[in-house]
Amino acid sequence: MSTKQAAKAVILGMIFSLGIYAAAPSEAAAKKPLVIAEQGSFTVGGTYKQHPGTFAQENFTSPEGQRAYGDFAYVEYQKPVKAKRLPLIFQHGGAQSKRTWESTPDGREGFGTLFVRSGYSVYLVDQPRSGEANLSTEAVTPDTPWAGNPMYGDKTLYLLSRVGHYDAEGNPVPNEQFPAGDKYYQAFQQCWTIGSGPLDNDLNADVLAQLVNRQKDGAVLVTHSMGGTIGWRTAIRTDKVRGIIAYEPGGTPFVFPETEMPKVTEARFKALSASAVGVPMEDFLKLTKIPVVLYYGDHIKLGSDNVGEDKWGTEFAMAQQFVAAINRHGGDATLVHLPDIGIRGNSHFLMQEKNNQQIQQLALSWLHEKGLDK
């Protein structure tokens, strides 16, 4: 982050800590009825594989002559009365679904409806082979993330997500912003999904680009975690992405010019290290044409004994290089580390924690600053 950007971030942090950003929904406003002009759901993209042969009713369970459909995204949307011109499209992270944005583990409103209250049309996406878009034309393979190990969703993902740690007796101890209590811990653990086919982020970006292209004036992407790379790739595929808000992008490659590949900072467990993929310069420069902001929470520390803190230390180091590359080529990218602006205690799931309205206010201010809230 440059000195100028750091100073701006500190000022923003002071504004939000004082609660004086007028456009953000207050706690009282959030309790008012949610007025929707239009809502619905649909699918985007998709394909099929044809099995040879001829279908016959006498053998109607046979694959002969039938098709396997899949590889589409499922989208739910809500449009408020007098919606702003640009909608927000929410892309979830790995082993997740649109539930990421729907509500918090302790039952409060999530980003989906909070942003509707702020005047934005909101599109929540289940990416291909996930959530309610879980039909795949490709079979699950041994290397499909999480599919072969259901226990991965217990202590492993709790630690990797920096939600908290475990005491000597193995009891979960949440961080400062995650709601404490066994029922909230269980609610968090029940949010994971297992992909129905191999992870294919080029497929995911192709489908997300189709959704963006349906929007008359384009859209702003809001991504999380492994969805970060889908956002970068989508902006390369279509010129209708107007901006990207990325919450803790990582777990899949950052995008760099193929002639300017970054230094990889290795995690203690090497397989958890941040990664990068090279693209032609003409493609990378498309990311310099739109404003981009990256938000990272607390408990990020290279070399930490906590595997999650160390892992996200490598991702943060990669994010710094990513932002520098965009700005070096004339772009507008900002990296915000929340503790640097006085917001402490957030995990990888900062949009679901006790201060999620404060986190949302940061994005509202950024959208306003970039002229994306008209």
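In the predicted model, Lys84 is placed over the face of Tyr120, 5.4 Å from the centre of the ring.

Across the whole structure, 24 aromatic pairs were found. In one of them, Tyr48 and Tyr69, the ring centres are 5.5 Å apart and the planes make an angle of 50°, so the pair is classed as tilted. Tyr48 is located in strand E1 and Tyr69 in strand E2; the pair therefore ties together parts separated by 21 residues in sequence. Tyr48 has a relative accessibility of 39% and counts as partly exposed, and Tyr69, at 45%, is likewise partly exposed. The pair formed by Phe111 and Tyr247 is edge-to-face, with 5.7 Å between the centres and 65° between the planes. This pair links distant parts of the chain, since Phe111 lies in helix H4 and Tyr247 in strand E8, 136 residues apart. Both Phe111 and Tyr247 are buried.

The strands E1, E2, E4, E3, E7, E8, E11 and E12, in that order, form an open sheet of eight strands with mixed pairing. Strands E1 (36-50) and E12 (332-337) are at the edges and have a single partner strand each, so one side of each lacks a neighbour in the sheet. From one strand to the next, the twist averages 15°. Strand E2 (residues 67-80) runs antiparallel to E4, to which five bridges join it. Within this pairing, Tyr74 has Asp126 of E4 as its bridge partner. Helix H10 (residues 307-328) packs on the sheet and touches strand E11 (291-296) and E12, with its direction at about 155° to that of E12. Helix H11 (residues 356-369) lies across E3, E7, strand E8 (241-247) and E11, and runs at about 155° to E8.

Strand E3 (residues 88-91) is parallel to strand E4 (residues 122-126), and four bridges join the two. Four bridges also join E3 to strand E7 (residues 219-224), again in parallel. Phe90 stands opposite Leu124 in E4 and opposite Val222 in E7. In a regular strand, side chains alternate between the two faces of the sheet. In E3, Leu88 and Phe90 point one way, whereas Ile89 and Gln91 point the other way; all of these residues are buried.

Asp106 is situated in the loop between helix H3 (99-102) and helix H4 (111-117). The residue is partly exposed, because its relative accessible area is 24% and buried residues are those under 20%. Its side chain makes polar contacts with the side chain of Thr104 at 2.4 Å and with the side chain of Arg108 at 3.0 Å. When neighbours within four places in sequence are left aside, Asp106 is in contact with Pro179 and Tyr184. Asp106 and Phe188 are 82 residues apart in sequence, with a C-alpha to C-alpha distance of 9.2 Å.

Technical notes: Residues are numbered from 1 along each chain as its sequence is written. This is a predicted model: local features need pLDDT of at least 70, side-chain atom pairs count only at pLDDT 80 or more; totals for chains, interfaces and linings use all residues. Side-chain values use heavy atoms; hydrogens and water are left out. Buried means under 20% relative accessible area, exposed over 50%, partly exposed in between (1.4 Å probe, protein chains only). Two strands pair if DSSP finds at least two bridges between them. Contact means heavy atoms within 4.5 Å. A polar contact is a pair of N or O atoms within 3.5 Å; within protein, one must be able to donate a hydrogen and the other to accept it, and residues adjacent in sequence count only if both atoms are side-chain atoms. Axes are lines fitted to C-alpha atoms, for helices over the stretch in contact, and angles run from 0 to 180 degrees between N-to-C directions. Rings of Phe, Tyr and Trp (its six-membered ring) pair if their centres lie within 6.5 Å; planes under 30 degrees apart count as stacked, over 60 as edge-to-face and the rest as tilted. A charge sits over a ring if NZ of Lys or CZ of Arg is within 6 Å of the ring centre and within 35 degrees of the ring normal.
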